[in-house]
Amino acid sequence: MIELSSYVFEALRKDKEFILSRGRSTVDPSRVLVLSPTAEHPPPERLKRLEHEYSLRETLDARWAARPIALARHEGRMVLVFEDPGGVPLHQWLGQAAGFKRLLRVATGAL
């Protein structure tokens with residue numbers, strides 16, 4: 001199990017169900033992404049969603065997906081921990097004008 005107490009977190013996205021955060025270790029250069037429920041006591045279907053996403057870890061390709069690496073407890077909640085490939089989450093690009101070269105790099109990276 002991964003120990004998250006040595007990480008400092010920055011929220012990248014929050015909706016009514018989940019918060020996606022980037023965690024940076026204070027003791028080594030490692031980084032992770034963490035998906036955590038927004039509710040202190042989330043309904044069972046949200047926890048099942050985290051478990052389902054974790055179950056897909058072997059089928060996801062790290063070239064185009066942030067792969068789940070652990071289900072963990074952090075601050076009393078179950079969270080899903082992902083490898084952090086770096087970069088900017090795709091949702092932050094929505095609504096922005098992007099040049100052809102930038103769109104081409106994103107599109108070819110998804111293949």
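Which residue in β3 is the bridge partner of phenylalanine 18? In β3, that partner is proline 37.

## Basis of the model

This is a predicted model, in which local features need pLDDT of at least 70 and side-chain atom pairs count only at pLDDT 80 or more, while totals for chains, interfaces and linings use all residues. Residues are numbered from 1 along each chain as its sequence is written, and side-chain values use heavy atoms, with hydrogens and water left out.

## Strand β2 and its partners

Strands here are DSSP runs of E with at least two residues, numbered from the N terminus, and two strands pair if DSSP finds at least two bridges between them. Strand β1, residues 7–14, pairs with β2 in the antiparallel sense over 7 bridges, and phenylalanine 9 has glycine 23 as its bridge partner in β2. The two strands β1 and β2 are joined by a hairpin through 3 residues.

Strand β2 is also joined to strand β3, residues 31–37, by 7 bridges, and these two run antiparallel; the hairpin from β2 to β3 passes through 5 residues. Of the 8 residues of β2 (residues 18–25), 7 are buried, so the strand is largely enclosed by the rest of the structure. Buried means under 20% relative accessible area, exposed means over 50%, and partly exposed lies in between, with a 1.4 Å probe and protein chains only.

## Serine 36

Serine 36 lies in strand β3 and is buried, with a relative accessible area of 13%. Leaving aside residues up to four places away in sequence, serine 36 touches Glu17, Phe18, Ile19 and Val79, where contact means heavy atoms within 4.5 Å.

Note on methods
Helix = DSSP H or I, 4+ residues; strand = E, 2+ residues; numbered from the N terminus.
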